[in-house]
Amino acid sequence: MVVSAHIKTEGFERHALDLVLAGKLQLVASEAILAEYARVLARPKFSIARKRLARSMGLIRKSAQIVSPSRRLTIAHDPADNQFLECAEAARADYLVTGNKRHFPPRWRQTSVVNARELIEWIAADLRR
């Protein structure tokens, strides 16, 4: 979601990230996930200026709850995606938001794997309060 929100300035991913930055949603990440976001977003193909990326990553870090997963998982189809499940498990997250749902099981423990559209649709009523 974080990478997609930077690439597409409009859409559900961006809306979800804006809700995180506004304090309406809680983003949970590990140091490894934050490092991966920064590494991916720094790729030349995305053409994100260094200052803009540094500012954005600073806001995300400030808004995020940082967890340190205590166990390694081998659940996801793509081994690199396991860190997201590990983080969700450590945080006891309600949702893991991804654009690649097919890489994950539909549910891991108490965490539902959803895309940004599903998240926004499901929480819309709560946001109006």
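Which residues does L96 touch, not counting residues up to four places away in sequence? In this predicted model, L96 touches F84, L85, A88, F104, T111, S112, V113 and V114.

**The nonpolar core**

L96 belongs to the largest nonpolar core, which has 35 residues. The residues with the most contacts inside this core are Y37, M57, I60, L85, L96 and F104. Several elements each supply at least two residues of the core, among them helix 1, helix 2, helix 3 and helix 4. Helix 5 (82-91), strand 5 (111-114) and helix 6 (116-127) each supply at least two residues as well. In soluble globular proteins, nonpolar side chains tend to be buried together.

Helix 4 comprises residues 50-63, 14 residues in total, and reaches 20 Å from its first C-alpha to its last, close to the 20 Å expected at 1.5 Å a residue. Within this helix, L53, S56, M57 and I60 are buried. Seen down the axis of helix 4, the buried residues fall within an arc of 100°, so they line one face of the helix. An α-helix has 3.6 residues a turn, so residues three or four places apart point the same way. On the other side of helix 4, K51, A54, R55 and K62 are exposed. The cover over the buried residues of helix 4 includes helix 1, helix 2 (12-21) and helix 3 (31-41).

H6 lies in helix 1 (residues 2-7), and S56 is found in helix 4. The side chains of H6 and S56 make a polar contact at 2.5 Å. H6 counts as buried because its relative accessibility is 5%, and S56, at 15%, also counts as buried. Leaving aside its neighbours within four places in sequence, H6 is in contact with L17, L41, I48, R52, S56 and I60.

**Aromatic pairs**

| Pair | Centre to centre | Angle between planes | Arrangement |
|---|---|---|---|
| Y37 and F84 | 6.4 Å | 40° | tilted |
| Y95 and W122 | 5.9 Å | 35° | tilted |

The pair of Y37 in helix 3 and F84 in helix 5 links distant parts of the chain, 47 residues apart. Both Y37 and F84 are buried. The pair of Y95 in strand 3 (residues 95-97) and W122 in helix 6 also links distant parts of the chain, 27 residues apart. Y95 counts as partly exposed, with a relative accessibility of 33%, and W122 counts as partly exposed at 47%.

Technical notes:
Residues numbered from 1 in each chain as written. Predicted model: local features only at pLDDT ≥ 70, side-chain atom pairs only at ≥ 80, totals over all residues. Heavy atoms only, no water. Helix = DSSP H or I, 4+ residues; strand = E, 2+ residues; numbered from the N terminus. Buried < 20%, exposed > 50% of the residue type's maximum accessible area, 1.4 Å probe, protein only. Polar contact = N/O pair within 3.5 Å; in protein donor to acceptor, adjacent residues only side chain to side chain. Contact = heavy atoms within 4.5 Å. Expected span 1.5 Å × (residues − 1). Arc of directions from axis to C-beta. Core = buried A, V, L, I, M, F, W, Y, C linked by side-chain atoms within 4.5 Å. Phe/Tyr/Trp six-rings, centres within 6.5 Å; stacked < 30°, edge-to-face > 60°.
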